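Keep the structure open beside you as you read.

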Amino acid sequence: MQAIELDQSLIQDVLDEFDEHLAGLANDLHALVQSPLAADSVASAFRRIHTIKGDFGFCRAHPYEHFVHTLENTLQRIRSKELICSAVIAEAILQSLEEIRRLADIFPTLSGQDEVPEPNPRLHDLALKMASADTQARADDHARTLLLLLHGLLEDDPPAPPDLPEAAFAHALSMGHMLNGWLETRFGGAWIGRSAFIADAALHIQRHHPAHISSQSLILAGWWHDTGLLATSGTPATSLPDDHQQFAPMHAAHAAQALLALNGECSDPATIIRDHHVWANGKSPPRLTHDAPHPGALILACADELYHRTNGTRGDAFRRGALRTLFDLSAGLETRLDSATLRAFECALPDLISLYA
């Protein structure tokens, strides 16, 4: 909710024009679905949504102006032939505008400083992802998710846990760095830089995931998740040991327990650490409950599997290993990952390849 100084003298005209343009936009988009290259239809659709956006700006309903601008960006991608107006994208645009029109019904009753309902932030986020998708398939996928949200068929994610105090987070991270230094000294080889890579990869994947996940939790989980190996016997190795997975239940539990012992407020990253092997490869013991997995555990699983398959390489070897990871995870080979995590991993992979290949 936000107080905005609406220009009440313009409100009714804006709403009347909205209704007129929305009806015309529906005709334009339906025509585009049938004939994707129809220049007249795309020009008309773009002109109508641009006018709706401008009208909200004139009456100072800026949160609505910004949301419609996001939808306009999708039409701009269609106009420049980067995307086609599929049926699912057309419906996502139209039903998003219908939701905006429903919210705007309250405008005539508000005074200048009254709070007005803003567009759902999650809806806005999905509209942004649809507008910025780098492939048609991803744009369609975000449009479908947007429609599920509008129809109440997408479960609400719990909010991310509150951040730790800055000093507590810094202390836990510093301890993670120190323990990883011991781990790298003990095992060497591909273990050097492993945790830093996994923490960074997890954050890249998080940016494309629809769930609310604490960045702090992912960073700590990335730096702490292997530290339980310090409690196991073994000799230095130049690469990830073949029997690494047999230690998964033990070392993940040790690492989670140690992090909680350091700071009892770290239950969120500890959960991510404890469960990530369960969802990556099923090598950990069965869960005692049927609760949905922590989305951070799924993200950490992807980052861990990416490093395990690329083994600290760079250049073309990293690119090949990364693409093989995507294939294996998407094919469901030895994995229990959900579609949202797999989509987020796929979307993050080009950035990771550009950084590490």
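## A charge over a ring

In this predicted model, Arg 79 sits over the face of Phe 46, 3.8 Å from the centre of the ring.

## Aromatic pairs

Rings count as a pair when their centres lie within 6.5 Å, and by this rule there are 9 aromatic pairs. One of them joins Phe 318 and Tyr 356, with 5.7 Å centre to centre and 40° between the planes, a tilted arrangement. Phe 318 belongs to helix H13 (residues 315-330) and Tyr 356 to helix H14 (residues 339-356), so this pair ties together parts that are 38 residues apart in sequence.

How buried are the two partners? Phe 318 has a relative accessible area of 0%, so it is buried. Tyr 356 has 14% relative accessibility and also counts as buried, because the cut-off for buried is under 20%.

Elsewhere, Phe 18, Phe 56, Tyr 64 and Phe 107 are linked by ring pairs into a cluster.

## The second largest pocket

Now for some open space. The second largest pocket has a volume of about 200 Å³. Its lining is made up of Lys 129, Ser 132, Ala 133, Asp 134, Arg 138, His 142, Arg 207, His 208, Cys 347, Pro 350 and Asp 351. Helix H5 (121-132), helix H6 (136-150) and H14 each give two or more residues to this lining.

Which element gives the most to the lining of this pocket? That is H14, with 3 residues. Sorted by class, the lining of the second largest pocket holds 5 charged, 3 polar and 3 nonpolar residues.

Conventions: Residues are numbered from 1 along each chain as its sequence is written. This is a predicted model: local features need pLDDT of at least 70, side-chain atom pairs count only at pLDDT 80 or more; totals for chains, interfaces and linings use all residues. Side-chain values use heavy atoms; hydrogens and water are left out. Rings of Phe, Tyr and Trp (its six-membered ring) pair if their centres lie within 6.5 Å; planes under 30 degrees apart count as stacked, over 60 as edge-to-face and the rest as tilted. Helices (H or I, at least four residues) and strands (E, at least two) are DSSP runs, numbered from the N terminus. Buried means under 20% relative accessible area, exposed over 50%, partly exposed in between (1.4 Å probe, protein chains only). A charge sits over a ring if NZ of Lys or CZ of Arg is within 6 Å of the ring centre and within 35 degrees of the ring normal. On a 1 Å grid over the protein atoms alone, a cavity is a set of points where a 1.4 Å probe fits but cannot get out, and a pocket is an open set with protein on both sides within 12 Å along at least five of seven lines; lining residues have an atom within 4 Å of a point. Grid points are joined across faces, edges and corners, and a volume is the space filled by probe spheres set on the points. Ala, Val, Leu, Ile, Met, Phe, Trp, Tyr, Cys and Pro count as nonpolar, Asp, Glu, Lys and Arg as charged, and the others, Gly among them, as polar.
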